[in-house]
Amino acid sequence: MVFKRKKNMKVIIFCVNYNSYDELNVYLDSIELATNVLEKTDDITVCIADNSIKVKELDTSKYNQITVKQYITNQNLGYFGGIMHLRDELINELDDFNYFVISNVDLKLKNDFFLKLKKEVIAEDIGCIAPSIYSIAEGIDRNPKVINRYELKKLKILRLMYKYPIINQVYTKIFYKKRRDKIQNYPNGYIYAPHGSFILFTNAARQFIKDLKYPVFLFGEEIYIAEKLDEMHLKVYYNNNLIVEDMDHVSTGKMKSKEYYKYNYLSIDMIIKEFYNE
């Protein structure tokens with residue numbers, strides 16, 4: 001196994017905002033603070049796909065350590081739809097970076113996030129790093145999202161649950177906490193899929209970002225990432241030394257339940273058809 005460390009860290013963060021400006025400002029402030037400890041040759045650029053209904057122009061001039069760019073989409077493109085919009089806008093600049101982040105905005109980085117990332121020695125087969133994503137509301141780490149690849153039977157059950165919401169509601173009430181308790185304090189190592197709120201890609205996965213074509217409005221992104229990286233012979237690595245705080249589902253928490261189940265159903269159905277030959 002070959003390992004590598006980058007001398008200068010060049011990070012581009014693609015994040016999607018939907019009417020969550022207070023949370024976005026907290027997120028940007030935390031990125032600025034986490035950048036303060038880096039060398040001047042390091043570069044952190046934050047690009048925001050703003051899907052908001054009532055758009056507010058950000059005051060980007062207050063940031064001295066990071067570059068912040070706001071791209072107004074004039075429509076709600078969804079999560080990866082917003083990411084793909086940014087990718088298309090910046091396609092000619094992607095080769096300048098060696099780390100790529102896809103994220104929500106209801107987050108805070110720990111002050112030492114980038115400093116610890118820079119010190120990491122990363123195996124060349126790692127395409128994605130899943131950091132510790134600590135949920136403030138639930139008091140749990142949202143990573144690892146999925147440790148092992150889902151069996152087809154499991155995905156069919158999930159699809160059924162989203163088709164008939166009452167089944168999903170019963171499952172969530174009875175089994176969700178028990179399932180999460182089982183994978184707390186998980187050691188650093190390879191996993192199947194990262195949690196989608198903050199996903200860190202290495203330079204090895206640059207082509208994944210360039211080729212990204214996600215066909216569903218929302219949800220299922222984590223499984224899609226895992227499958228696409230596997231096709232590229234790349235792996236996902238859980239690293240709890242890197243810590244992100246999650247303020248919990250700002251955008252999706254406002255979604256009507258009918259839309260929530262609809263988009264989850266469509267995403268799981270797409271995953272089954274594309275990656276499980278069904």
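Here is a quick briefing on the overall build of this chain and on one residue in it, I126. The model is predicted, so local features need pLDDT of at least 70 and side-chain atom pairs count only at pLDDT 80 or more, while totals for chains, interfaces and linings use all residues. Residues are numbered from 1 along each chain as its sequence is written, and side-chain values use heavy atoms, with hydrogens and water left out.

**Overall build**
- You're looking at eight helices and twelve strands (DSSP runs: H or I of at least four residues for helices, E of at least two for strands, numbered from the N terminus).
- The radius of gyration is 18 Å, close to the 19 Å that the globule rule gives for 278 residues, so the chain is as compact as a globular protein of that length (C-alpha atoms only; the rule is 2.2 Å times the number of residues to the power 0.38).
- The C-alpha trace spans about 50 × 50 × 35 Å along its principal axes.

**Burial and contacts**
- Of the 278 residues, 50% are buried (under 20% relative accessible area, with a 1.4 Å probe and protein chains only).
- Take the contacts between residues at least 6 apart in sequence: 85% of them join residues at least 24 apart (contact means heavy atoms within 4.5 Å).

**A look at I126**
- I126 sits in strand β8, which covers residues 126-135.
- I126 is buried, at a relative accessible area of 5%.
- Neighbours within four places in sequence aside, I126 touches Y190, T202, A204, K235 and Y237.
- F208 is 82 residues from I126 in sequence, and their C-alpha atoms are 13 Å apart.
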